[in-house]
Amino acid sequence: MNQGPAEELVTTTEVVKVENRRIRVFKDFYRRFKRNKAALVGAYTILFLIITSIIGPYIVSGDPYEQDFMNKLSTPSSEHWFGTDHAGRDIFTRVIYGMKYTLFVGFASVFLGGILGIPLGIFSGYFGGKLDSFIMRIMDILLAFPGILLALAIVSVLGPSLTNVIIAIAIFSVPGFARIARGSTLATKKLEYIDAVRALGANDMRIIFRHIMPNIMSPLIVNATLFIASAILTAAGLSFLGMGAQPPTPEWGAMLNQGRDFMFRAPHISLFPGLAIVIVVLAFNIFGDGLRDALDPKMKK
């Protein structure tokens, strides 16, 4: 049935109001977020790193795999900004190329962990009972192992590779997402508007995905941002132990491993990949702290 001019006008007005409300919410969030100058620096640093990881390989002229044994262990110079490694490969080029591996591992592992952990936590908190007990006991078992040891055990079974590192980190990130989602769901499902929606005839799936999930995303987003830093450190640690990216892949943890035999003769081999890891992890941590403050209702004024 075709809508008349009046109905179309009402629909357009409602859409405009929703869009204006979203714009106001975003402006209010950004206003609170930019109060934290450190977090703002972290956000711009992350943005710069993402852009560099995308366009960097097209800007640098060197080949990260090209060996030049005549110039091996060269110190930083105008020709090789970060020096060269034991095989004569340009470290600056390898750091730029390795950025995409580091960021991909961080984002991919957290994304997979969230895809698995968030629904488990929501279903556990919403339905409760035996399902809640079963899911939470599995999460308790996973939490009983330190993250790096659990990831190391998983990679040992699956085999050393960057893909298996992502899988391992995703698995040990599931309990964190599940617990936060469960706690937030337990608090949200007791609110009056959930009872009102249920009284109007909404089924459980509609309540979960239309009303509960959107309202518990703030702490989950903050947790995801902070966990990316942990995932990057874990991936670098596994690669340093030889369980992650395999040579000659220019991954920062693997580069640290290759430079440990030359710590006194050529410390720059490990110095620059290590500084890159520190910068990325620090950027995500301070960005996550600022994001938490901006999304926390108690911080609103």
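Asp-195 is partly exposed in this predicted model, because its relative accessible area of 42% falls between the 20% and 50% limits. Its salt-bridge partner is Arg-198, with N and O 3.3 Å apart. Arg-198 is partly exposed too, at 34% relative accessibility. Both residues sit in helix H7, which covers residues 192-199. They are three residues apart, about one turn of the helix. An α-helix has 3.6 residues a turn, so residues three or four places apart point the same way.

Helix H11, residues 268-295, holds another such pair: Asp-289 and Arg-292, three residues apart. Their salt bridge has its closest N and O atoms 3.4 Å apart. Asp-289 is partly exposed at 30% relative accessibility. Arg-292 is partly exposed at 41%.

Now turn to Asp-85. It forms a salt bridge with Arg-94, the closest N and O atoms lying 4.0 Å apart. Asp-85 has 4% relative accessibility, so it counts as buried. Arg-94 is buried as well, at 1%. Arg-89 joins Asp-85 and Arg-94 in a network of salt bridges. In total, the structure holds seven salt bridges.

Helix H3 runs from residue 91 to residue 127. Asp-90 caps its N-terminal end, with a side-chain oxygen 3.4 Å from the backbone nitrogen of Phe-92. A kink of about 30° is centred on Gly-98. How does the span of H3 agree with its 37 residues? At 1.5 Å a residue, H3 should span 54 Å, and its end C-alpha atoms are 53 Å apart, which agrees. Just after H3, Gly-128 adopts a positive phi of about 65°.

Key:
Residues are numbered from 1 along each chain as its sequence is written. This is a predicted model: local features need pLDDT of at least 70, side-chain atom pairs count only at pLDDT 80 or more; totals for chains, interfaces and linings use all residues. Side-chain values use heavy atoms; hydrogens and water are left out. Helices (H or I, at least four residues) and strands (E, at least two) are DSSP runs, numbered from the N terminus. The expected span of a helix is 1.5 Å times one less than its number of residues. The bend at a residue is the angle between axes fitted to the seven residues ending there and the seven starting there. A polar contact is a pair of N or O atoms within 3.5 Å; within protein, one must be able to donate a hydrogen and the other to accept it, and residues adjacent in sequence count only if both atoms are side-chain atoms. A salt bridge is a side-chain nitrogen of Lys or Arg within 4 Å of a carboxyl oxygen of Asp or Glu. Buried means under 20% relative accessible area, exposed over 50%, partly exposed in between (1.4 Å probe, protein chains only).
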